[in-house]
Amino acid sequence: MYRVNNQTSILSYWTFRYLIILCIGLLLIASASLWGIRQVSMENRMQTAGLLAQEIADRVAGPDGAIHISPDLEDLFENRKRFFKLNVGMCLIVMDNDGTLLFSIPKLTQSEMEHKLNDDLSDASSPDFRAAVVPIEHEGEQIGQVALLQPKKALMHISSEAKLFLAVMLISVTGLGWLTIYLLSRKLSRPIRRIMTAAKQISEGRYDIRLETDAKEREINELLISFKDMAGRLKQLEHSRAVMLAGVSHELKTPVTSIKALVHAVREEVVNGEEAGEFLDTALKETERLQRMVADLLDYNSLAAGIVHIHHDRLAAVPLISEIVYQWKLVQGDEVAEPELCLPDKPFDLAGDPLRIQQIIVNLLNNCLHARHPARTLSIQVELSARDDGMAEIAVTDNGTGIKPEDRELVFERFFRGDNNRCRGLGLGLTFSLLLARSMGGNLALRDSSEEGSTFVLTLPVQR
């Protein structure tokens, strides 16, 4: 038995890989989400800082066009910071148009303010700070400006509650995704395991398998039904093979025994003169029958192995079929009536091997002869016709005993012989003919059979 290393179940295989892919995908999504949340948080906080700076600018602008710093400005600033949940590292600067520092939180000197503004705001893309600058106006003229500076790290800060919510959401999605693929994989693996167990039983020669075909999924249920039907078919074929093989062995043994007995009788001079010649003639006929059986076996094996070469020549259909039927009638003599030929008015060509076509049709005609009804005269009809799909049909119909309903699906099986088969052959004729037809791009099928007779149809491609 072949064994493959590092094998695992389909349940473990898919759930483990899906979990890895899911985790990687969610980590990427989480990273992108965190970056997006930080950017949005920063923009929202900058807008809030701008609103606060605008409020302060409105409060410090006096009606006389001067900047007045209210004593409660610091309390207002702290209250707004707590209300809007702004960071504690914020710096507020109020100055006039000349750049003179008027007010700051935290307290700064003029030089510290100038140094801070020059270092932090000289580059608009400063990696450390972002500033919201609002002009102080009186009657449309700028009299100063308010600047709110905030560290970027504080602006992009995400609260622990938001991080916890995001982590719980990712863990929940991961668990739900893993549970989903686990349940699906387990549901899919159950019928596969049942089929695997049934296949193992079949490999051990046990064809009576029990396979429940109750899956809700259409594809899986069809697979189970097909496998169950296959097992039943294999059981039937195995039984037929055993029975037919026993029959074939008996058929091969019968002529050998008969030949041995006849030759032994002549050699021991049990019979003499004219009677001895009759014994030898009978032995010769048995030898010919044995030779024909062996030839059938060899032809079948050669074709099944692909050794027989098939030609695909251009053949005139009407003359070919007429000549085949005529030659077969010459061999039969006056014992058989002339087969009725139904030929088309418009000639056409076939693509195939003339020798193989003759083998198939002669085999069908011989089967008609063997299936003749004892109470009526044998009548055979051969009809040639062309179809619209580029194929031609050669239908051979007889008025014989017909084929039993239970045997109609088995007539093309190897070594199959019906109960009413009196040809005493190996049961390879129709099987061999079917293989020949398919090798030429056609087919051979039983169209109809009843107590009034049977019709076999040979299909061959038309040469365009």
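Which residue takes a positive phi in the hairpin of E8 and E9? In this predicted model, the residue is glycine 390, with a phi near 85°.

**Figure 1. The hairpin of E8 and E9.** Four residues separate the two strands of this hairpin, and glycine 390 is the residue with the positive phi. Strand E8 covers residues 380-386, and strand E9 covers 391-398. The two strands run antiparallel and are joined by seven bridges. Alanine 386 has alanine 392 in E9 as its bridge partner.

**Figure 2. The five-stranded sheet.** The sheet is open, its pairing is mixed, and its strands follow the order E6-E8-E9-E11-E10. Strands E6 (340-342) and E10 (443-450) stand at the edges; each has a single partner strand, so one side of each is left without a neighbour in the sheet. From one strand to the next, the twist averages 15°.

**Figure 3. Pairing of E6 with E8.** E6 and E8 run parallel, with three bridges between them. Within this pair, leucine 341 stands opposite valine 382 in E8.

**Figure 4. Strand E9 and its pairing with E11.** Of the eight residues of E9, seven are buried, so the strand is largely enclosed by the rest of the structure. E9 pairs with E11 in the antiparallel sense, over seven bridges. Alanine 392, the bridge partner of alanine 386, also stands opposite leucine 460 in E11.

**Figure 5. Helices H8 and H9 on the sheet.** Helix H8 (residues 317-332) packs on the sheet and touches E6, E8 and E9. The direction of H8 makes about 165° with that of E8. Helix H9 (residues 354-370) lies across E8, E9, E10 and E11 (453-461). H9 runs at about 25° to E9.

Figure 6. Phenylalanine 16 lies in helix H1, which spans residues 10-60.

**Figure 7. The whole protein, for context.** The secondary structure comprises ten helices and eleven strands. The protein has 464 residues, of which 35% count as buried. Its accessible surface is about 28,600 Å², and carbon and sulfur atoms account for 55% of that area. Among contacts between residues at least 6 apart in sequence, 66% join residues at least 24 apart.

Key
Residues numbered from 1 in each chain as written. Predicted model: local features only at pLDDT ≥ 70, side-chain atom pairs only at ≥ 80, totals over all residues. Heavy atoms only, no water. Pairing = 2+ DSSP bridges. Axes fitted to C-alpha atoms, helices over the stretch in contact; angles between N-to-C directions. Contact = heavy atoms within 4.5 Å. Buried < 20%, exposed > 50% of the residue type's maximum accessible area, 1.4 Å probe, protein only. Areas by Shrake-Rupley, 256 points an atom, 1.4 Å probe, with all protein chains shown as cover.
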